[in-house]
Amino acid sequence: MGIDLGTANTLVYVSGKGIVLQEPSVVAIDQNRKIAVAVGEEAKKMLGRTPRNVIALRPLRDGVISDSDIAELMLKEFILRVNGGKSLISPRIVIGIPSGVTGVERRAISNAAVEAGAREVYLIDEPMAAAIGAGLPVSEATGNMIVDIGGGTTEVAVLSFQGTVISESVRVAGDELNESIIMYLKKAYNLVIGEWTAEDIKIRIGSAYPTEHDNEAMMEVRGVHLLSGLPRTVTLKGAEIRECMLEPLSVIIAAVKRTLERTPPELASDIIDRGIMIAGGGALLRGIETLISHETGLLTHIAADPLCCVVQGTGRVLENFEQLERVLSGRYGNN
């Protein structure tokens, strides 16, 4: 079983079957009875809409586990769903993790998987998993550059011969883009909105690079007026949303540039020929490839299925374990 345990979404790949589960990384907890009342899509719908005794929360922040008990509960539930409600008999699990996590954070992730029923837990850095899932030739002695923009982290790496040559992980990604939209509406319109409304704004009219259609992209947004406390509707333009996201986008661009500056000349030559591959949910932001290409001067591609690159990569490692075992970054388990 391969798992992309993401800040925003969790995806599960089962060997021989492909991707069998794709759910938001959200759990709704009844605080009185200390039990989960919903996990995944059902729990996501409860965010900001629950009674006092129920809280909907995300057990991962910035790509790592912030609440190990809730993360373990969520993993167990997803594993049960994948297996038709039955416990698995000690499966081997490969989990994609951000390359910048600490040893303590790695242990928290692996412990959650072991407690959820895994026999062996192998960790793989997300840039490597994303590159494999995107179809880059990571086993060859040539330079491959991947930019994986997720919910909590952006991973930038140069890979060659089943190894990571240079990598950088910044905890700025989709969540920070949402937060910048929330803060902008609060300052410009005195309007309070939730994170899922901000996500919807980003998807529908957000962009990373100016286009002639920016002023045509418009959206009505409902929220609570900060001063009156009453519901209010405002109309937003795509250009102002792009402007408010400039700061977090500049952090991502800076990480890409720093990685390129540290890349050995021979591998840099390969990247000039091959270009940069973008994966993760952030790759779906309109104009992101144009922005990176403009800032670096390099050809930039978006993966065919950016949301699923990491989990597809974990699946390919599972199905070609002997050939790709060297790409794994750690092993945990009962044996």
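The model is predicted, so local features need pLDDT of at least 70 and side-chain atom pairs count only at pLDDT 80 or more, while totals for chains, interfaces and linings use all residues. Residues are numbered from 1 along each chain as its sequence is written, and side-chain values use heavy atoms, with hydrogens and water left out.

The whole structure contains 18 salt bridges (a side-chain nitrogen of Lys or Arg within 4 Å of a carboxyl oxygen of Asp or Glu). In one of them, the side chain of Arg-171 meets that of Glu-105 at 3.2 Å, N to O. Glu-105 lies in helix H3 (residues 103–115) and Arg-171 in the loop between strand E13 (163–170) and helix H5 (174–189), so this pair ties together parts 66 residues apart in sequence (helices, H or I of at least four residues, and strands, E of at least two, are DSSP runs numbered from the N terminus). Glu-105 is buried, at 18% relative accessible area.

A salt bridge also links Glu-168 and Arg-258, with the closest N and O atoms 2.4 Å apart. Glu-168 belongs to strand E13 and Arg-258 to helix H8, so parts 90 residues apart in sequence are tied together. Glu-168 is buried at 14% relative accessibility, whereas Arg-258 is partly exposed at 34%.

The largest nonpolar core has 41 residues, of which Ile-181, Ile-193, Ile-201, Val-221 and Ile-288 touch the most other members (such a core is a set of buried Ala, Val, Leu, Ile, Met, Phe, Trp, Tyr and Cys residues joined through side-chain atoms within 4.5 Å). Helix H8 (residues 246–261) supplies the largest share of this core, five residues. Apart from this core lies another, of 32 residues, including Met-1 and Ile-70.

Beyond its neighbours within four places in sequence, Ile-201 is in contact (heavy atoms within 4.5 Å) with residues including Ile-181, Ile-193, Gly-206 and Val-221.

Helix H11 (residues 309–319) is largely enclosed by the rest of the structure, because eight of its 11 residues are buried. Among the buried residues of H11 are Cys-309, Gly-313 and Leu-318.

Val-224, found in strand E15 (residues 218–225), is partly exposed at 40% relative accessibility.

Key:
Buried means under 20% relative accessible area, exposed over 50%, partly exposed in between (1.4 Å probe, protein chains only).
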